Amino acid sequence: MNYFFFFFFLLSFIFSSSGDFAYGKSKPNIVCILVDDLGFGDLACQGATDMKTPHIDRLGQEGMTLTNFYANCTVCSPSRAALLTGKYPDLVGVPGVVRQVPTNNWGNLSDDAVMMPTALKQAGYHSALVGKWHLGYEAPDTPMDRGFDTFRGFLGDMMDDYWTHLRGGINWMRRDRSEVKPEGHATDIFTDWALEYFDERKGEEEPFYLFLAYNAPHFPIQPPQEYLDRVLEREKGLSEKRAANVAFIEHLDACVGRVIDGLERRGMLEDTLVVFSSDNGGALRYEQRNLPLRGGKQDKYEGGIKVPAFAMWRGTIDAGSSNDNLMLLMDLYPTFCDAAGLDAGKQVDGVSVLPSLLGEEQTTDNRYVFWMRREGGKFNGLAYYAVRKGDLKVLQNTPFEGFQYFDLASDPYEERPLKVGDRKEFREMQRALMMHVQQSGQVPWQ
């Protein structure tokens, strides 16, 4: 009998020593935090000297800073479609912004697109979306129709007011399929709902995937008054717009801190992969900053698509590390599948960057990557594009301008366009983009 207990104790020690002890799981929980319109230079750890963001900074200090990370588009819906499907957004029917007004809607999520929660369900994951969806307003294009086990958030695009949560007079706040009218600032509400979800999952055997998608710091810039007062007192001389933006991001940072602390207090942080990023660059007209990069939201310059990104997984990702491999939001789908023990296969356009996160050698810039956006208004419903391979990048910022050609290795801030002439590399990039446009032309989006 004593031998039996000794053997049982030995097995328990072996499993606990291997890291397979939190809730009896070997697969990590996954928390993906996506914020809206956060500029590349709008965090203290990214060079902002007028703001304090200790909680988001902590993700890099205790994890890895991804220094060459990109959104898949210059605006919201396409980037979210790419993250949740692992594919270029125009290949899943979302070349532009999905809006509630049909005459200004530029996307329709493909019915056959396999979404992240559906893929992770094969590995036993429970999945939740808290926050902004922005990929459809009714069945079959709501989160509950597309694989999420629970949804607490906002179906729409931007909120006209962070306190009333309306868009065009319509309430898009939902709890699963039911309309709800929560009180408070939307950033606080989404944080409360994330913590509520952690409480529900605590002690459960199955791992979970939480997609926490904040509307902030997308305009309207509406920080709680106490945050604005604090910034105005501390940072003398800031413009009204800049002070409001700083306060808005500091409030968001505090809420991210509540989420990370919430995981830690519940004993979940050790067994959770946390990834943080933004859906596109900051809006310059609101004095959001993408410095030292050129351009901002809606641009294909680096400031419109290169975004802050961090990955933290205690005991697995080296604290204080960084990686400069080329990564995009669409790479998170195969990465999360990889972490869950699944092979995303050839159905996705992204690549798993889990080796990079684990500090292993990996090459990710030997592929063509594409950006596109179709939009109404001043763009007349036309599309504009960018393509990159290695350090070479070709781009246009509207459908009405010619392509500019840059070498990001020698010109990272896109100040000196190269002369195209008869450059072989330029012709090859044009040809690759043409083939992508032909492929995406087969996918309906209306």
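Throughout these legends, buried means under 20% relative accessible area, exposed means over 50%, and partly exposed lies in between, using a 1.4 Å probe and protein chains only. The views come from a predicted model, in which local features need pLDDT of at least 70, side-chain atom pairs count only at pLDDT 80 or more, and totals for chains, interfaces and linings use all residues. Residues are numbered from 1 along each chain as its sequence is written, and side-chain values use heavy atoms, with hydrogens and water left out.

**View 1. Arg289 and Asp50 form a salt bridge.** A salt bridge here is a side-chain nitrogen of Lys or Arg within 4 Å of a carboxyl oxygen of Asp or Glu. In this pair the closest N and O atoms are 3.4 Å apart. Arg289 sits in the loop between strand S11 (272-278) and helix H8 (302-305), and Asp50 in the loop between strand S1 (29-35) and helix H2 (54-61), so the bridge ties together parts that are 239 residues apart in sequence. Helices (H or I, at least four residues) and strands (E, at least two) are DSSP runs, numbered from the N terminus. Arg289 counts as partly exposed because its relative accessibility is 32%, whereas Asp50, at 5%, counts as buried.

**View 2. Arg99 meets Glu375 in a salt bridge.** The N to O distance is 3.0 Å. Arg99 belongs to the loop between helix H3 (76-85) and helix H4 (116-121), while Glu375 belongs to the loop between strand S15 (369-374) and strand S16 (383-389), so this pair links parts that are 276 residues apart in sequence. Glu375 is buried, with a relative accessible area of 5%.

**View 3. Helix H6 packs against helix H7.** H6 (residues 225-234) and H7 (residues 240-265) pack at about 125°, with their axes 8 Å apart. Axes are lines fitted to C-alpha atoms, for helices over the stretch in contact, and angles run from 0 to 180 degrees between N-to-C directions. The two helices are therefore oblique to each other; angles under 35 degrees count as roughly parallel, over 145 as roughly antiparallel, 65 to 115 as roughly perpendicular and the rest as oblique. Tyr227, Leu228, Val231, Leu232 and Arg234 of H6 meet residues of H7 including Ala243, Val246, Glu250 and Ala254, where contact means heavy atoms within 4.5 Å.

**View 4. Arg234 and Glu250 form a salt bridge.** Their closest N and O atoms are 2.6 Å apart. Arg234 lies in H6 and Glu250 in H7, so the pair ties together parts that are 16 residues apart in sequence. Arg234 is partly exposed, at 27% relative accessible area, and Glu250 is buried, at 6%.

**View 5. Helix H2 packs against helix H7.** Here the angle is about 55° and the axes are 7 Å apart, so H2 and H7 are oblique to each other. From H2, the contact uses Pro54, His55, Ile56, Arg58 and Leu59; among its partners in H7 are Asp253, Gly257, Asp261 and Glu264.

**View 6. A network of salt bridges links Arg58, Glu62, Asp261, Glu264, Glu270 and Arg314.** As a handy reminder, side chains of opposite charge can pair when their charged atoms come close. The structure holds 36 salt bridges.
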